[in-house]
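The tour goes from one selection to the next.

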Amino acid sequence: MRVPVSRAPAPLRALVALLLPWLLAACTQGAEPTGERHPPGSDGKFGAPPRIADGSELPGRVSGVDFAADGSGFALLAECVSDPATPENGFCRQWIAVLDPGAERWETRSSPLPEVRGTDGVSAELRVLGPGRALVEDGGGERQRRGWFTGDGGRSWRAVDPRTDGRTPDVPAGGVLTTECATEPEAVPEQCARERLVAISPVDGRRRTLVRQPPLGPHPRPGETAEPDGSWWVSGTEPSTGRPAVAVSRDAGRSWTVSRLPSPADTPGRYVRVVVGPDAVYAAEMGEPPGGEPVLNGLRALHRSQDGGRTWRRTWTTGSVDEPRSLHGLPVPGPGGRLEIAAQSSGHRSLDGGRTFRKIPDGTGYVRRTAAGLLREDTRCRYGLTRDGVRWTEFRLACGDDPSLDGP
């Protein structure tokens, strides 16, 4: 049986035809064009960085700082008193500074870290695991490692067993990726035959072995924090050839895809640093450049991918003269092939994806990834934060009364 289909009267259909273009234009007016402010697939993660409150007046000096995705964060502070005549009488006091979500100022709160002798020095590590959540660890090597976790912005701390506790299928949101020795749990990396990835939980600060490990060589080197597009990257070597390679996961570590880098050498360098930018992924292959003056943090080559790491093109091969020949931390990628590199003596900028560089007057600060963006430390108390490689939020922490730090 055929069901009759009702049709609107002809005058009504004509009216709808006239109104439809106007309605579509009104609905889309002011909408952001795809790929202009936020590149395709970025979901706005490469927008302006969050504002960070100034903390110039904080006591001591910063020994560690990290941020959550919303711009809240923690800083480790220490102030050491020395006794040149009797060094063992020296000591270091330690504090925690916290920037709560949406807060206008940093607050100094008690630290779980004990007072240490001046001869021991300050060696604690800080990892932010989301807004109000952080893990502080001390020790390692010849000293017993200890850890403390907070879930309330440093108002209270509880001791955390640093040993690995079971397994996890993925890296939870806010978690951190690191490594441990798979053959001897207490061995330092230099003495470990094989390492594996572990995820630090934002719920309790405990380490858990990642179930699916990337198929790389015995010493994988992960980025601790997810990149802006949600991807996780690990560098290492291709087991069958020993050549430099990287692995990427787009499902928080449940699966991995490996690609080999077009290295200029047959043997692996020291390690590879990967950073995702608004329109490309960059992999900096670290190693001593051939010839020329020795440099710290030598850069062997720079690789660029425009398809999420499926294929790579080597855009820069370091020689004996042309700069940059070194790299402090991560490259800073921007839109349209813009890239900045902090080298040993100066900064360098490329506008063609790393094929050519020119020297810039600043940009020598060390750069690393945080959940809030790329963090640059310019001097001992000046910092900058960016998400798109162009716009920066600048702030200060624990500047003391050093007159050299006055001015903009």
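Select Cys92 to begin: this residue is buried, with a relative accessible area of 2% (buried means under 20% relative accessible area, exposed over 50%, partly exposed in between, with a 1.4 Å probe and protein chains only). The model is predicted: local features need pLDDT of at least 70 and side-chain atom pairs count only at pLDDT 80 or more, while totals for chains, interfaces and linings use all residues. Residues are numbered from 1 along each chain as its sequence is written, and side-chain values use heavy atoms, with hydrogens and water left out.

Cys80 sits in strand β2 (residues 73–81) and Cys92 in strand β3 (residues 91–99), 12 residues apart. Strands (E, at least two residues) and helices (H or I, at least four) are DSSP runs, numbered from the N terminus. The link of Cys80 and Cys92 is right-handed, with 110° about the S-S bond.

Next, select Cys181 and Cys192, whose sulfurs are joined at 2.1 Å. Strand β11 (residues 176–181) holds Cys181, and the loop between β11 and β12 (195–200) holds Cys192. Both cysteines are buried.

Finish with Cys381 and Cys399, a disulfide with S to S 2.1 Å. The torsion about their S-S bond is about 85°, so this disulfide is right-handed. Cys381 lies in the loop between β27 (373–377) and β28 (382–386), and Cys399 in the segment after β29 (392–396).

Note on methods: Disulfide = S-S within 2.5 Å.
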